[in-house]
Amino acid sequence: MRTLIAVSLTSLLAGCSLWPSAAQTSWTQWRCDDGASLDWRYADGAQETVELHLGADAPVQRLKKEPSTFGSTYSDGVLTFNDKGSEGLVYRVADDELLAHGCRAP
């Protein structure tokens with residue numbers, strides 16, 4: 001009986017792992033002052049990683065949380081996304097060039 005319960009629980013948990021979590025399915029869509037489109041979502045339940053899509057032709061970037069004094073900052077060493085709650089910006093790390101600023105929900 002214990003073996004049957006263990007096998008059933010293992011099967012149930014394995015099946016649940018195939019479903020994406022809510023954090024992985026809902027994109028937050030923002031529009032920026034410069035006209036750019038910024039879509040982002042948490043890639044994990046702990047909100048330690050975000051997936052970022054800047055513009056229609058850009059690939060999805062996966063950024064990890066970094067220490068921040070204001071808001072939340074995520075970076076992959078190439079791009080940095082700073083989320084200040086209802087507003088954010090994206091810049092290139094190498095030269096601090098703003099790629100999108102004043103981004104917020106439409």
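Author: Arg41 and Glu51 form a salt bridge through their side chains, with an N to O distance of 2.7 Å; the term stands for a side-chain nitrogen of Lys or Arg within 4 Å of a carboxyl oxygen of Asp or Glu. This pair links distant parts of the chain, since Arg41 lies in strand E2 and Glu51 in strand E3 (residues 49-54), 10 residues apart. Strands are DSSP runs of at least two residues, labelled E and numbered from the N terminus. Both Arg41 and Glu51 are buried, where buried means under 20% relative accessible area, exposed over 50% and partly exposed in between (1.4 Å probe, protein chains only).

The model is predicted: local features need pLDDT of at least 70, side-chain atom pairs count only at pLDDT 80 or more, and totals for chains, interfaces and linings use all residues. Residues are numbered from 1 along each chain as its sequence is written, and side-chain values use heavy atoms, with hydrogens and water left out.

By the salt-bridge rule, the count is 7. Another of these pairs is Asp33 with Arg104, at 2.9 Å from N to O. Here too distant parts of the chain are linked: Asp33 sits in the loop between strand E1 (28-31) and strand E2 (37-42), and Arg104 in the segment after strand E8 (98-103), 71 residues apart. Arg104 has 33% relative accessibility and therefore counts as partly exposed.

In the salt bridge between Glu97 and Arg92, the closest N and O atoms are 2.2 Å apart. Glu97 is partly exposed because its relative accessible area is 37%, and Arg92 is partly exposed at 29%. Salt bridges with shared partners also join Asp33, Glu87 and Arg104 into one network.

Conventions
Helices (H or I, at least four residues) and strands (E, at least two) are DSSP runs, numbered from the N terminus.
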